[in-house]
Amino acid sequence: MTGNRASRPLMAAMLLFCLIAAPAAHPASAAEPPADPGNVRRDLKLGSTHSMADSGLAAFLTQAYQAATGVTVRWQAQAQPDLMHAGAECAVDAFFSTIPELEFTFMQNKYGEQWLTTMYSNFILVGPKGNPAKVPSRTLLESLHFIAVNKVPFASSRDGTGNREAENYIWNVLKMPEVALESWYITAPPQAHTLLPLAEEKKAYAFVDAWAWMRYRDSFQDKGRIPLEAIILYGPMALKQYSIIAVSREHCPNANAEGARSFADWLLSPAGQRTVGSFRYQNVQLFHPLNTPE
């Protein structure tokens, strides 16, 4: 398994997240120089999360990479379990993931040969406008502890985005692993984009990523009428990491392994990291490079 080295302050933050989301997450090591695209096939099949595709980041990366290399990139956007299945079935050359536990299992099964953390976004705690329950806004640990102790309505997702897994880790840290059985804990349907409408309906708090929050806000023409608001935007346990896994050539002999490696190396190069950092959705930066380009 291979990894990459981040700048010291950011690596400390990402290491904290790896310990939060998956105690067995992969170690970091220096990224290799980008491969020469002239030595790889000129087409590449990549799996992406819905947040990358729907926000426009996947298309933005494709435009930059194709301009630099001439390689044609085709994306397949799916929920995380489906991306893992696509990788195991050799339907993609590489895919992005936000659930370190599933990534570790994928690598243990020898389905992947390269595993690199590339960027991150933020988790956000949202709640009814005006924060009527007076949930503290200092840290996610404090906020979720307050919600559980005071039985504040809380909506949770199971749509395969990785949010539920990150949320569950916080409950485990709080030694409250059985909260899903409580009456105040509301589980949203598994379909995408159902969590925040449910939180709105139930006047509940919810743990979402930055893209889900932006998508929800954009559904209101009059921003003053949005019934939910962000309670916590940043802080410990609020980082959502995005890793890329290239499928194993032994498991998938027809995969474009060199192309996948070339793309991953480009993404972690200064040019790739600048591309990630320059992407904006309505003038808001939703995704952040793991390395700060010099």
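Q: Is C252 buried or exposed?
A: This is a predicted model. In it, C252 is buried, with a relative accessibility of 1%. The cut-off for buried is under 20%.

Q: What does C252 pair with?
A: C252 forms a disulfide with C90. Their sulfur atoms are 2.0 Å apart.

Q: What about C90, how accessible is that one?
A: C90 is partly exposed, at 29% relative accessible area.

Q: Which parts does the pair tie together?
A: C90 sits in the loop between helix 4 (80-88) and strand 3 (94-97). C252 is in the loop between strand 9 (239-247) and helix 10 (257-268).

Q: What's the handedness, and why?
A: Left-handed, because the torsion about the S-S bond of C90 and C252 is about -80 degrees.

Q: How many disulfides in total?
A: The count is one.

Q: You mentioned helix 10. How many of its residues are buried?
A: Ten of twelve, so helix 10 is largely enclosed by the rest of the structure. Among the buried ones are F263, D265 and W266.

Q: And what distance does helix 10 span, end to end?
A: From first C-alpha to last, helix 10 reaches 17 Å. That is close to the expected 16 Å.

Q: Switching topic. At what angle do helix 8 and helix 9 pack?
A: About 65 degrees, with the axes 10 Å apart.

Q: Which residues meet there?
A: L196, P197 and E200 from helix 8 meet A212, W213 and Y216 from helix 9. By class, that contact has five nonpolar residues, one charged and no polar.

Definitions and conventions: Residues numbered from 1 in each chain as written. Predicted model: local features only at pLDDT ≥ 70, side-chain atom pairs only at ≥ 80, totals over all residues. Heavy atoms only, no water. Axes fitted to C-alpha atoms, helices over the stretch in contact; angles between N-to-C directions. Helix = DSSP H or I, 4+ residues; strand = E, 2+ residues; numbered from the N terminus. Contact = heavy atoms within 4.5 Å. Nonpolar A, V, L, I, M, F, W, Y, C, P; charged D, E, K, R; others polar. Disulfide = S-S within 2.5 Å. Buried < 20%, exposed > 50% of the residue type's maximum accessible area, 1.4 Å probe, protein only. Expected span 1.5 Å × (residues − 1).
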